4 protein chains.
Amino acid sequence: MVINIGVVGYGYWGPNLVRNFAETPGANLVAVVDLDMEKLNVVKKRFPAVTVTTRFQDLLDNPSIHAIAIATPVNTHFDLGMAALRAGKHLWLEKPMTETSAEARALVDEAEKRGLVLLVDHTFIYTGAVRKMAEIIRSGDLGEVYYFDSTRVNLGLFQRDVSVISDLAVHDFAILDYLLGEHPTAITASGTNHFPGSPENLAYITLFYESGTIAHTNVSWLAPVKVRQILVGGSKKMITYDDLEPSEKIKVYDKGVNFTDDPAQIKEMRIGYRMGDMWAPKISGTEALRLEGEHFVDCILNSKVPETDGKLGLRVVELIEAATSSMRGKGETVYLNRQHGDRRLLGASRRQSNEGRLSVVRPG
Amino acid sequence: MVINIGVVGYGYWGPNLVRNFAETPGANLVAVVDLDMEKLNVVKKRFPAVTVTTRFQDLLDNPSIHAIAIATPVNTHFDLGMAALRAGKHLWLEKPMTETSAEARALVDEAEKRGLVLLVDHTFIYTGAVRKMAEIIRSGDLGEVYYFDSTRVNLGLFQRDVSVISDLAVHDFAILDYLLGEHPTAITASGTNHFPGSPENLAYITLFYESGTIAHTNVSWLAPVKVRQILVGGSKKMITYDDLEPSEKIKVYDKGVNFTDDPAQIKEMRIGYRMGDMWAPKISGTEALRLEGEHFVDCILNSKVPETDGKLGLRVVELIEAATSSMRGKGETVYLNRQHGDRRLLGASRRQSNEGRLSVVRPG
Amino acid sequence: MVINIGVVGYGYWGPNLVRNFAETPGANLVAVVDLDMEKLNVVKKRFPAVTVTTRFQDLLDNPSIHAIAIATPVNTHFDLGMAALRAGKHLWLEKPMTETSAEARALVDEAEKRGLVLLVDHTFIYTGAVRKMAEIIRSGDLGEVYYFDSTRVNLGLFQRDVSVISDLAVHDFAILDYLLGEHPTAITASGTNHFPGSPENLAYITLFYESGTIAHTNVSWLAPVKVRQILVGGSKKMITYDDLEPSEKIKVYDKGVNFTDDPAQIKEMRIGYRMGDMWAPKISGTEALRLEGEHFVDCILNSKVPETDGKLGLRVVELIEAATSSMRGKGETVYLNRQHGDRRLLGASRRQSNEGRLSVVRPG
Amino acid sequence: MVINIGVVGYGYWGPNLVRNFAETPGANLVAVVDLDMEKLNVVKKRFPAVTVTTRFQDLLDNPSIHAIAIATPVNTHFDLGMAALRAGKHLWLEKPMTETSAEARALVDEAEKRGLVLLVDHTFIYTGAVRKMAEIIRSGDLGEVYYFDSTRVNLGLFQRDVSVISDLAVHDFAILDYLLGEHPTAITASGTNHFPGSPENLAYITLFYESGTIAHTNVSWLAPVKVRQILVGGSKKMITYDDLEPSEKIKVYDKGVNFTDDPAQIKEMRIGYRMGDMWAPKISGTEALRLEGEHFVDCILNSKVPETDGKLGLRVVELIEAATSSMRGKGETVYLNRQHGDRRLLGASRRQSNEGRLSVVRPG
C-alpha cells in the first residue's frame, strides 16, 4: 500500500518536505497547498503530476489522501492540524508543534482518540549524530549524565513572530528529551531583545532535572560566527557534538573526574582526573529527513508510535512556554509540575508513564 | 629609586610573581614567605640573594620593604592584606581580592586613607587581547555593546574551597568591568555541584546592565576540552576572542544587523544583515604579568591609580557574591543596588563616580 | 536572443551543467545526450520539455542548437569537440580539455578559424575566492609572488583512466595560470601508484617560473582527511585560501620578510620579519557555475573571449603532459619551451603574446 | 654513579640542554662553555655551582667530566665532537650531526672504536607522538606504509648558514628513519632561495623507498602560518599527526582503500573505500628532552646504544646531502647506494644490517 500525502505550505521548509515525500519509498506526493500561486507554479513545473491548490479544504475533502504534512507558520498549526485529524488524516506537523501546550495537548488527545499517527518534525532526532549520542548514553558507556551544554548561535535569520527560543532552543529541547528521557523539573532563562518590537534574539536557558542533570543552551541570532556545539558530560565519559564538522561530528572522550581517597596522589583534594583516549565513531550519513519520511510511512502502515510523536512535541512546547515565561520574568525560576507530562519508556527507563496536564507555576 | 618587594605564598601562582618581580625593571625582589620550608629551599636555590622566611611578620617589620605581594589562599587575603597596609606597605593582592565585599571595601578604604597603592592581580586586564578589545569598544568602532558571551571551561582543576565562579568567572567579571565601564544592575546564575561536599563545578551566569547590554559566562571544571572564547556583539561590529588561538586571538567582524524600511529588500522584516570583511589585528605579545609588574612599580613611584585597583577588585567580589547567591537560590535574580559601587571614569564615560555600599537584595 | 544549448553526458558532472543551463538567463537547454537510457529518463522526468537522445549526431544536425557542452570522459573530448566545432557549434568542454596538447591545439585552431567560442570548464576560475586572490595579486598588494603552495587531498574517488594529476592538480594548473599570467619554464613531479594497474593516486609537482616564482601542488586520493588549501607568499603580503572554510576562505596576512641593514635589530642576519594584521575579505557567494554559464552566453552573444578559453585549456593540458612525463621519469625535470604557448595579456602583464607549439624536452 | 656533563654552546638550544641536564636524575651539570662572557654570566647567575669557561679545552682536560654535549653551529660539530671523543668523553651532538656524511661517519667510527656513547639530539624521536606512531606502525595495525607526507612551515627564523633542509627537513628525515626503519633508495628535491646570498628558504623533497613507500616533506621559512602536520597512510589505517594540536596530536583513521571484485558495489572500478571510526590515543606528556637526557645517562651507565645513535645521525646527514644536491640540480634524482648505510634492526625488520659508505650518484 502506498501512503498518499498532501503538503501544506511551500515557504522555507515546505520544499524540503515536497522533495522528500516525492522520493520516499511507500509515499506518494499527491497535492501541495499554498496561498501563493507563484509558488504553486514552481511546484507544478517540477512535479507535473502533483495537484496544486490554494484551498486547504481540498485536501480534507479528498478521500484518497491518507496523510497531511503541515509546514505553515506556527500560529496556524493548531487549526490546520486539528482539521486534518478530524478529517481522519494522519498528521505530520512542523516544529514547534503549536503555540501553546494546551493546543498541543488537544492535538495529542484528538490523534489518540482517532488512532491516527501524529509526528512532529523534530528532524534532529533522525540524524546519525543524535542517534549515536543516544546509543552511547543508553548503553551506559557515558555513566550518569552530569550536564548537557549547547551553543547554537549564528547571524540571522530574525523571525518576525517567534523568539529565538522557538526557533533555535527548540532543537535542544527535543534533543534533550530524546537523550535523557526525562522532563526537567525547573527552568530558568534570560534573554533580551535588542530591537524594540521584535521578539527576543538571544537567550540563555538552564534546565534542572530530578536526576541531577543540569542542561543549558545558549541561543542567538546575533553572533558573528555560526556555532552548533553540544557537550554532554557523564561520570564515565564525555561527548562533544559539532554539527558543522563535516566528518567527525561526535567525539567521545575517555576523560572525567573520579573521587579518590588516595592521599599521595591527590594531596588535599578528593577528586582525581582521568585523561584517556578520544574516539570519533563513524556516523551514519543517511539524510535525516529521508529516515523520518520512511519512519512516518512505517508508523502509518504498521500502527507504530513515531519517535517524535505528539507527546514529545507537547513536552517541547511546554519547555518553550516555561523558558519564555522565565525569560520575560528576567530569569525567575519556573517549576514544571512533574506529575504532569507523560513520558515514553526509554531503554531501562527509571520513570513510569503518567498522564496529566502541565502546570507552569511560579514559586511562592 | 627601586621598589623592594616581598612575596607571600609560593604555591601555584607565587612562583610566577617571584620570577616576574625578579626581572621587572625598577623592582627588587627581597624576600619570599611561605610556610613550607621545602618551597623556600627551591627559592633559595634559584635566587640565592633573596631572603626566605616562614614568618610573614618579618616582612612587616622590615622597613626597607616598600611593597608586599600576596599569593595565598583567598581566605587569608583580608588579614594579610590589611596587616600589610597597616604596616605602610603598598599591596599587590591575588584575585579574587577577598572572600566578601565588606572585606574588600575595608581594604580599599585603608589603602585610600594611607595613600598606598592597592593593585588586585586581574592579569587578563594587562593582556594585549583584552586591551585591544577595549580599544575597539572605546573608539566607538563596535557601536553600542549588545552582548558579551564567554565560555571558559576545561577539565579541572577542582578547587577545594572556592567554587568555579571564584576561579573562572572572576576573569569574565574583571574583563567585563574593564571593557564596559559599567556595573550590572542584576545578575542571575545557575550552577551545580556534581560531587557532594565540593563547591559548584559548573555555572551559568547572566548579567544585566542598565545600558541594555547583556552578558553571560559559562564556566565549568568538567568539560572534556578547554575553551576560552568570548564574543562581543555591537551595533556596528562584532568581536571574537579565542585565547587559545596562538596567533589571531582577536577577530573583528564587519557583520551585524540593521533596521531597515526598504520593503523590497526585506519583505516582511524590518531587519537586514550586513556581511563584510573580517579583520584580525596584531596583538601585542608583551607578557601581561610583566606589564602589570611595571605598572605596579610605576603607580608606586608616581602615585598613580592602578588599572586594576581595589575598587575594581571590590566590584568583582560583589559580582562573585551576587552570582553565588543567585546560584544557590537556583537562579533567583539578585539586584545590585546601582546607587552603590563607585565607578572610575572611562573614556567618555556616561557614568559619574559615586560612593556607597553594595546591597545585595532579593526582589520582593 | 536566447542561446540554445545541448548537453552531452549525464554522468558525474553533466547533471550540474543541465541544472545550470536550465536556469541561466539567456540560455535555453534544448537537448541532453547520453548513451544510458535510464539517465535520460531521469532527465525527462525532471525536465519534460527537453529532448533526450542517445545520438550525439542529433545535436550536430539540429540547426537551432547554437552551442554544445561536453561532459563525457576525457578520451572522447577531442572527437566530440571537433565534430561540434565543425558543425558550427560554440563549444563548452569539461576539463581537462583533451588527452594531449596536440589535440587541444587543434581544437583551439579550429575554433579560431571558425570564429566560435571555446570555453574550457575550469570552474574554479569563476569562484569568488580565486577571483579575490587574483584581484589582490594584480593590484600589487601582494608584491612579487614568491611561491604558490597547494594541498589538494582526500580519500577517493579513484579514477579508472586518469591519474590524480588530471583529476586534482588540473585545478591548481588552471588557478596558477589565472593568478600568475605566466607559464612555467620547467616542471618536476614525483608520484606513485599503490595499486598495480591503476593510474597514479598521489603526486607532488613543482613548477618553476622565469619570474622566480616557485609553485607546488600536493595531490592525493589516499588521504584520511580532505584538504583544499593554498598558500601564496608575496614580498609584501601572504594569502591563505582554505576552500573548506565556510565563511573566511581567503585570509590576507600582513606578514613577510624584509631585507634589512639595521645591525642592532638583526644582529648577524640581513633578514627581518614583519608581523602585522590579518584580513579576511568578504568573498562573493555567487555560484561559480552560474557565473560561468552567464559568461559563456555573453561570450557567444558579444563575440568575447572566455576567461577560460581554449588557450588556457591548452596550457593546462601541457602542464598535465609535462608533469606526467616527469612523474613517470621519477622526478626528471621537464623543460617547457617558453617560445611556445601563447599568453593572454593580464593586467599590466610583463609578457607579450606569442604563438607556437609546445615542445616537451628532457635535459641533455 | 652520576654522569658529569659539560655543555658547549649557550645560544638558541644550549639553555634547554643546560636546564635539562641540571634536572636529569643521574646527570650532574658541571661546566658550561661559550665564547660569550655575557651568556656565561647568565648561566652563573642561574646555576651558581656550575663552572663557566670560554675554553673548550678545559672540558677535555677535566678528568671528572664523563660526557660532553655540543650545541654549537653545525660547522663546528665535527671538530669539537672528534676532540671530545678523542679525549674519551661520551658525546651528545646537536642535529644535524655534521656538515658532511664523511665527517659523520668518522665520528661514528671513532666512537665505536673507543666504546663511547654517541647520541645525536634528534629530539622528536623522544616525543610521545612519534613513539605512538612508531608503536602503531610496528604493531602492524597500519598495514603496509603507503606514504608519509609532512608539512613543516612557518615564518622565520632564517638561518644564516644552513638551508631550510638542514633546519626543518632534518626532523622529517629522522622521524622517517625511526618510523620506517628503511633508508630511501632515491631522493628528489626542489627549492628556492628568494633572497640572493641566503641559503634556500623553501624546499619540497620526495623520498623513494624500496618497499614502495613514498615520502614527501614540504619545508619553508616563508609561510604566514605555522604548520607541523604529518600524514601517514597505510593499507589498513591512516594517521594524522598535528604537533600544534594541544591535546589530540595523533589521530588514527580506520579509513582506507580496498581492492574489490564486487561488480555491484563498485561498478567499473576495482577499488572500494572503507570509512570507519577515528581514534585519538592518549599521548605521553613526558617532555622529550627529559626522556632523552635520561636515555643518554642510561646508555652511558649500561653500555647501551642510543635510539638516536651516530648511525641514525649519519643517515640523516646523507639525506640532507642528497636532498641538497638534488635541489641545487633543480630536482635531479639522486640515488642512494643501498649497499651502504647500515640499519639497526627494528621490530621484525625486513632488512639486515650492512656496512659501507654512502655514494651519492647522479643517474647516467
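Mentor: Among contacts in chain A between residues at least 6 apart in sequence, 65% join residues at least 24 apart; two residues are in contact if their C-beta atoms, placed from the backbone, lie within 7 Å. The model is predicted, and local features therefore need pLDDT of at least 70, side-chain atom pairs count only at pLDDT 80 or more, and totals for chains, interfaces and linings use all residues. Residues are numbered from 1 along each chain as its sequence is written, while chains are lettered from A and ligands numbered from 1 in the order in which they are written.

Nine helices and 16 strands are found in chain A; helices (H or I, at least four residues) and strands (E, at least two) are DSSP runs, numbered from the N terminus. Of the 364 residues in chain A, 51% are buried. A residue is buried if 20 or more other C-beta atoms, placed from the backbone, lie within 10 Å of its own, exposed if 12 or fewer, and partly exposed in between.

Strand S4 (residues 67-70) of chain A deserves attention. Both of its faces are covered, with Ala67(A) and Ala69(A) buried on one side and Ile68(A) and Ile70(A) buried on the other. Strand S1 (residues 3-8) of chain A runs parallel to S4(A) and is joined to S4(A) by four bridges; strands count as paired if DSSP finds at least two bridges between them. Val8(A) has Ile70(A) as its bridge partner in S4(A). S4(A) also pairs in the parallel sense, over four bridges, with strand S5 (residues 90-94) of chain A, where Trp92(A) is the bridge partner of Ala69(A).

Chain A is assigned two domains, domain 1 (3-123 + 289-307) and domain 2 (125-284 + 314-361), with bounds taken from an automatic or database domain assignment. Between them, 17 residues of domain 1 of chain A meet 15 residues of domain 2 of chain A. On the domain 1 side, the elements giving two or more residues are helix H5 (101-114) and helix H8 (288-302) of chain A, and H5(A) gives the most, with four residues. That side has seven nonpolar, six polar and four charged residues, where Ala, Val, Leu, Ile, Met, Phe, Trp, Tyr, Cys and Pro count as nonpolar, Asp, Glu, Lys and Arg as charged, and the others, Gly among them, as polar.

The contact between chain B and chain A takes 40 residues from chain B and 40 residues from chain A. On the side of chain B, the elements that give two or more residues include strand S7 (145-155), strand S11 (222-234) and strand S14 (271-280) of chain B. S11(B) provides the largest share of that side, six residues. By class, the side of chain B that touches chain A holds 21 nonpolar, 13 polar and six charged residues. Val227(B) is found in S11(B) and is partly exposed because 18 other C-beta atoms lie within 10 Å. Leaving aside residues up to four places away in sequence, Val227(B) touches Thr151(B) and Val153(B).

Chain B is superposed on chain A by a rotation of 180° with 0.0 Å of shift along its axis (RMSD 0.0 Å), by least squares on the C-alpha atoms of residues with pLDDT of at least 70 in both copies. This is the relation of a two-fold axis. The C-alpha of Glu332(B) is the one in chain B nearest the axis, 2.9 Å from it. Both copies use the same surface, as 100% of the contact residues of chain B recur in chain A.

Chain D also meets chain A, with nine residues of chain D in contact with nine residues of chain A. The side of chain D that touches chain A has five nonpolar, one polar and three charged residues. Superposing chain D on chain A takes a rotation of 180° with 0.1 Å of shift along its axis (RMSD 0.1 Å). Trp279(D) comes closest to that rotation axis among the residues of chain D, at 2.2 Å (C-alpha). Here, 100% of the interface residues of chain D are also interface residues in chain A, so the copies meet through the same surface.
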